Amino acid sequence: MNEQHEQLIADYLAGSLDDAGKTKVEELIASGEIDFMEFRELEKLHEDLGSLLTPAPSKEMSSNFFAMLEEEKRSIKPSWVESVINHIRQVLEELTMPRLAYGLVLLFIGGFVGTQLNGDQSEIEQLSQEVQDMREMMMVNMLEGASAADRLKAVTISSELTSVDSEAIHALLFTLNNDPSVNVRVQTIEALKRWGDNERVRQGLVKSIAKQQSPIVIIELADAMLELELRNSAPEFRKLIEERTLDFTVKQKLENSIAALS
Amino acid sequence: MDSTSDKALMMKVKNGDLDKLGLLFERYNRPLFSFFYRMSKEAELCEDLVQSVFERILKYRETYTGDGKFTTWMFSIARNAHIDHYRKLKREGIPVEIDEERLELDDEETKVVVNKQEKKDLLEMALERLDEDKREVVILSRYEGFKYKEIAEILESTEGAIKVKMFRAMKELKDLVHTLNEECSNE
């Protein structure tokens, strides 16, 4: 068998052949240039390889990693000049083109509406409320989306709202407790922190502690509790330490948070 | 660039936000462990190697350019960590015994395979007998989901050469399964 045929079969196995390629393989099988029996065996073998299982790594691996990361962080203490530069850089990174364009469009619409209504305050308020409601509705719908990227966008939209109603809070808390993506859950905590004066948000954040498995989300929640001064979260964290085998770093972080909250 | 994409996170790590490496660890510790496990079959060693990969990412974060896929860059580091480990053993004069150990099938084991018709075990053993360079291509393609072009980047080869190697690896694997099957049947 020549190398071209070998490459063709490799592509077939990887599922990367287009229709023309598949036809070519069929023709080569029909002409006997590719041995059908061998081809079938390879196909079956490739499929069988998927049934081999890999064990999960131990929890120590994760603990060792986070301990190493903490050590590295301790060894690098940036000067205040570097901190300021990093902050400015981060702000600039957030200013992506679509956001700038979106901002400009809103500015123009605002200007246009402003001149048309000629200072009619109540109509401006009504219009801005409608825009706000639409964005909120869009956010709730997007939070139910299949892609993590869409759900992340939804969480970002929520952070741009000036106020949220109970439906939006419910959607965000549901996402925090049930979303499969760690990134989405972390961003949701960030978003919920903005509504930290809302009692439902405060209760929801505390209740969420017991539902989280990811060390990153738990640490993020601990930071949020400190920021929002949610003292009733301390017993929840204590329960977590007692009932679960946590990474050393996570445990240490929670103990520090409990001490600060008490 | 999405702020949570691998590249964006790694650029943040590069700029000093080391916590973002935690997110990358959460995403990739399992695929890396699986890669090392399929290559060496020693769970403890695999965990050390995963740790070594992230230590290297931290150490060399300044050299990250963001060109190409992050996973391709990370698996190049993983591959080097694996090679370096065995080079170190060789330098220190420690014999790499695992190959011999895992290739031997004792009588009892053989009977179990035949009696229980555990094709999976047979395939597992055949995969372990495969030459390391071929096994690597099969693992990266079949288990880690890399495209041949990406594997070529990781292994510093060409896409065509990788496809040929994949085909020949699968053919050799098929022959190994047959041989093992016969060995077991003759016992």
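Predicted model: local features only at pLDDT ≥ 70, side-chain atom pairs only at ≥ 80, totals over all residues.
Are B:Phe33 and B:Tyr37 buried or exposed? Both B:Phe33 and B:Tyr37 are buried.

B:Phe33 and B:Tyr37 sit in helix H2 of chain B, which spans residues 20-40. They are 4 residues apart there, so about one helical turn separates them. Now look at the rings across the structure. There are 14 aromatic pairs over all chains. In the pair of B:Phe33 and B:Tyr37, the ring centres are 6.1 Å apart and the planes meet at 20°, so the pair is stacked. Planes under 30 degrees apart count as stacked.

A second ring pair has another geometry. A:Phe65 and A:Phe66 have ring centres 5.0 Å apart. Their planes stand at 75°, so this pair is edge-to-face. The cut-off for that class is an angle over 60 degrees. A:Phe65 and A:Phe66 are both buried. They also belong to a cluster. Ring pairs link A:Phe65 and A:Phe66 with B:Phe25 and B:Phe54. The cluster therefore has members from chain A and from chain B.

Step back to chain B as a whole. Chain B has 10 helices and 0 strands. Its pattern along the sequence reads α-α-α-α-α-α-α-α-α-α. Chain B has 187 residues, and 49% of them count as buried.

Charged contacts come next. The structure holds 28 salt bridges over all chains. One of them pairs B:Arg168 with A:Glu3, with the closest N and O atoms 3.7 Å apart. B:Arg168 lies in helix H10 of chain B (residues 159-186), and A:Glu3 lies in helix H1 of chain A (residues 3-14), so this pair joins two chains. B:Arg168 has a relative accessible area of 36%, so it is partly exposed. A:Glu3 has a value of 45%, so A:Glu3 is partly exposed too.

B:Lys163 forms a salt bridge with A:Asp11, and the closest N and O atoms are 2.9 Å apart. This pair crosses between chains, from helix H10 of chain B to helix H1 of chain A. Where B:Arg168 is partly exposed, B:Lys163 and A:Asp11 are both buried.

The side chains of A:Glu72 and B:Arg61 meet at 3.5 Å, N to O. A:Glu72 belongs to helix H4 of chain A (residues 59-75). B:Arg61 lies in the loop between helix H3 (43-59) and helix H4 (70-91) of chain B, so this pair also joins two chains. How accessible are the two partners? A:Glu72 has 24% relative accessibility, so A:Glu72 counts as partly exposed. B:Arg61 has a relative accessible area of 10%, so B:Arg61 is buried. Elsewhere, salt bridges share partners. They join A:Glu38, B:Lys171, B:Lys174 and B:Asp175 into one network.

A:Asp133 is placed in helix H7 of chain A, residues 121-143. Its relative accessible area is 40%, so A:Asp133 is partly exposed.

Chain A also has a nonpolar surface patch. A:Tyr102, A:Val105, A:Leu106 and A:Ile109 make up this patch, which covers about 350 Å². A:Tyr102 is found in helix H6 of chain A, residues 97-117. A:Tyr102 counts as partly exposed because its relative accessibility is 40%.

Finish with the backbone of chain B. Which loop holds B:Lys41? B:Lys41 is in the loop between H2 and H3 of chain B. Its phi is positive, at about 65°, although B:Lys41 is not a glycine. B:Glu156 is another non-glycine residue with a positive phi, here about 50°. B:Glu156 lies in the loop between helix H9 (148-154) and H10 of chain B. At 75% relative accessibility, B:Glu156 counts as exposed.

Key. Residues numbered from 1 in each chain as written. Chains lettered and ligands numbered in written order. Heavy atoms only, no water. Buried < 20%, exposed > 50% of the residue type's maximum accessible area, 1.4 Å probe, protein only. Phe/Tyr/Trp six-rings, centres within 6.5 Å; stacked < 30°, edge-to-face > 60°. Salt bridge = Lys/Arg side-chain N within 4 Å of Asp/Glu carboxyl O. Patch = residues over 30% accessible without salt bridge, like charges linked within 9 Å, V, L, I, M, F, W, Y side chains within 5 Å. Areas by Shrake-Rupley, 256 points an atom, 1.4 Å probe, with all protein chains shown as cover.
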